[in-house]
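Take a look at the model below.

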Amino acid sequence: MEAGGKLINGVAFARQLRSEIRQEAENLHAVHGILPTLAVVMVGEDPASAVYVRNKIRATEQAGMRSVSHHLPASTQEGELLALIAALNVDETVHGILVQLPLPEQINRDAVLDAIAPAKDVDGFHIVNAGLLAVGRHDGFIPCTPKGCMMLLHSVLPELAGLHAVVVGCSNIVGRPMARLLQQAGCTVTVTHLQTRDVAAETRRADIVVVAAGHPGLVRGDWIKPGAVVIDVGINRAETPQGARIVGDVAFDEVYPHAAAITPVPGGVGPMTIACLLQNTLRAAQGLAAD
């Protein structure tokens, strides 16, 4: 692939994936009488979370599936939330459960995520699903953002084996599962983080750079080897003279000329995250049909 900045169109890829999901969901309903259903739980009034939840609910319904929304006040105690999750776990009409993060400070996030039944953990954050992924098994649920990133990578690099990938960021939500997926695809993987002494030196050696650091414009043009593929997971609100806009963790205008392919922000990874959430929900419902 020649250098020159080929845009990886996450919007188009996600649209096609969602169309396929809708067809499968309709078939599941017609043949087995099962309507894939996602329960979305939000606690508090975080504006960004509210937008994400609305988008997920709308996408679920557009995919021919059902959504159930539970919006709890910010004062909700951990026990109340755990009781709701316990009820959803045993509700046979609910196939996937998503608890929108972040949660208020009085609620232990790990306790909540671990309370979700692994078979309904469509975010892929439960320790059981994380453990399955860690040992190379994909019969659990893979976190949606890394899963979507891998699909976009395969769209421009059908063969990943032997390539050197650098992941910038090591969160349990993106960085760590992303590194595991890349390794399992045959890449040599370097994970960088806050304690890495020279992140730029690492990214300059990479054939693939995945950035999920939560730091706008962190990766500059001279950090990228010519011909590398760059996946920008960052979604940051930035104030500019023209007003607020959404930017990634990559300084796009600087990196674009060096990259063989790059995801834009917005329009890259974001749409794939939601599409993969729908796919995981469908898989959960199909698992019930198989039983």
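Buried residues make up 47% of the 291 residues in this chain. Buried here means under 20% relative accessible area. The model is a predicted one. Its accessible surface comes to about 13400 Å². Carbon and sulfur atoms hold 53% of that surface.

Next, the overall build. The chain has ten helices and eleven strands. Its radius of gyration is 19 Å, close to the 19 Å that the globule rule gives for 291 residues, so the chain is as compact as a globular protein of that length. Along the principal axes, the C-alpha atoms fill a box of roughly 50 × 40 × 40 Å. Consider the contacts with a separation of 6 or more: residues 24 or more positions apart account for 71% of them.

One stretch carries a record. An unreviewed UniProt entry annotates residues 143-286 as the domain "Tetrahydrofolate dehydrogenase/cyclohydrolase NAD(P)-binding". Over these residues the chain is 35% helix and 21% strand. The end C-alpha atoms of the stretch lie 18 Å apart.

Now turn to helix α2, residues 47-62. It has 16 residues. From first C-alpha to last it reaches 23 Å, close to the 22 Å expected at 1.5 Å a residue. Which residues of α2 are buried? They are S49, V53, K56, I57, A59 and T60. These cover an arc of only 165° around the axis, which puts them on the same side of α2. On the other side, P47 and R54 are exposed. Just after α2 comes G64, which takes a positive phi of about 75°.

Methods: Residues are numbered from 1 along each chain as its sequence is written. This is a predicted model: local features need pLDDT of at least 70, side-chain atom pairs count only at pLDDT 80 or more; totals for chains, interfaces and linings use all residues. Side-chain values use heavy atoms; hydrogens and water are left out. Helices (H or I, at least four residues) and strands (E, at least two) are DSSP runs, numbered from the N terminus. The expected span of a helix is 1.5 Å times one less than its number of residues. Buried means under 20% relative accessible area, exposed over 50%, partly exposed in between (1.4 Å probe, protein chains only). The arc is that of the directions from the helix axis to the C-beta atoms. UniProt positions are given in the numbering used here, feature names are shortened, and annotations may be inferred rather than shown by experiment. The radius of gyration is taken over C-alpha atoms; the globule rule is 2.2 Å times the number of residues to the power 0.38. Contact means heavy atoms within 4.5 Å. Accessible areas come from the Shrake-Rupley method with a 1.4 Å probe; for residues, only the protein chains shown count as cover.
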